[in-house]
Amino acid sequence: MRKKDETLKGTLMDCARAIAAEEGVDAINIRSLAARAGIATGTVYNYFESKEDVLLALTEGYWLETMEEMRGAIRAERFSGQLREIMLFLRERVSGPGGAWMRSLSGAEAEGRERMRAAQALLREALARRLERDPAIRKDVWRAPFTRERYADFSLRNVLALIEADEEDIDFFLELVNRTLYDEGECV
């Protein structure tokens, strides 16, 4: 089997993004991708088995880039403030091309969910590291079974649920986080 040219794969991904931006996600197919790249249709099949495979690659790449961008965009010192920033950041991204690509994965839902789980695992690990680095968190809060890792998972699940429900008011959830993690005296 011939070795795949990663430069050509990147070009195909760029072409797919351009087609989606100009004509919509539904216009992406193997033939349109080959035509845009100026290569034979069969060559595209060396890199992608189907339209769904292209959409999966686009979605996965989008979310990996989004997570990298998010690292630099989160500025709050406290974990609860970081969660607010993360949620707003992700909500904006879901309404963009990544969300459209995810919604178009009807033929590859299982594979898409599996790839999203991998991306979520990275985010969960990042949340656990953020919890570890927050010096304002009560010193006595972490003990089995209430661990950073499980709290990161709890936080991620709630953030994703709030985004999926298109919930604008996240203050209750963030108040819960504040009351759980920090010595606040009287909570308002």
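Phe146 counts as partly exposed because its relative accessibility is 32% (buried means under 20% relative accessible area, exposed over 50%, partly exposed in between, with a 1.4 Å probe and protein chains only). This is a predicted model, where local features need pLDDT of at least 70 and side-chain atom pairs count only at pLDDT 80 or more, while totals for chains, interfaces and linings use all residues. Residues are numbered from 1 along each chain as its sequence is written, and side-chain values use heavy atoms, leaving out hydrogens and water.

**Helix H1**

- H1 runs over residues 6-23 (helices are DSSP runs of H or I, at least four residues, numbered from the N terminus).
- Its 18 residues should span 26 Å at 1.5 Å a residue, and the end C-alpha atoms, 25 Å apart, agree with that (the expected span is 1.5 Å times one less than the number of residues).
- Leu8, Leu12, Met13, Cys15, Ala16, Ile19 and Ala20 are the buried residues of H1.
- Those buried residues line one face of H1, because they fall within an arc of 160° seen down the axis (the arc uses directions from the helix axis to the C-beta atoms).
- Exposed residues Glu6, Thr7, Ala21 and Glu22 sit on the face turned away from the buried side of H1.

**Aromatic rings**

- The structure holds six aromatic pairs (rings of Phe, Tyr and Trp, its six-membered ring, pair if their centres lie within 6.5 Å; planes under 30 degrees apart are stacked, over 60 edge-to-face, the rest tilted).
- Phe79 and Tyr151 form a tilted pair, because their ring centres are 6.4 Å apart and their planes lie at 55°.
- Phe79 lies in helix H5 (residues 79-94) and Tyr151 in helix H8 (residues 148-164), so this pair ties together parts 72 residues apart in sequence.
- Phe79 is buried, at 1% relative accessibility.
- Tyr151 is buried too, with a relative accessible area of 4%.
- Trp142 and Phe146 are stacked, because their ring centres are 5.7 Å apart and their planes are at 20°.
- Trp142 is buried, with a relative accessible area of 18%.
- Ring pairs join Phe79, Trp142, Phe146, Tyr151, Phe154 and Phe173 into a cluster.

**Surface patch**

- Phe154, Phe172 and Leu176 make a nonpolar surface patch of about 310 Å².
- Phe172 is placed in helix H9 (residues 171-181).
- Phe172 counts as exposed, because its relative accessibility is 67%.

Technical notes. Helix = DSSP H or I, 4+ residues; strand = E, 2+ residues; numbered from the N terminus. Patch = residues over 30% accessible without salt bridge, like charges linked within 9 Å, V, L, I, M, F, W, Y side chains within 5 Å. Areas by Shrake-Rupley, 256 points an atom, 1.4 Å probe, with all protein chains shown as cover. Salt bridge = Lys/Arg side-chain N within 4 Å of Asp/Glu carboxyl O.
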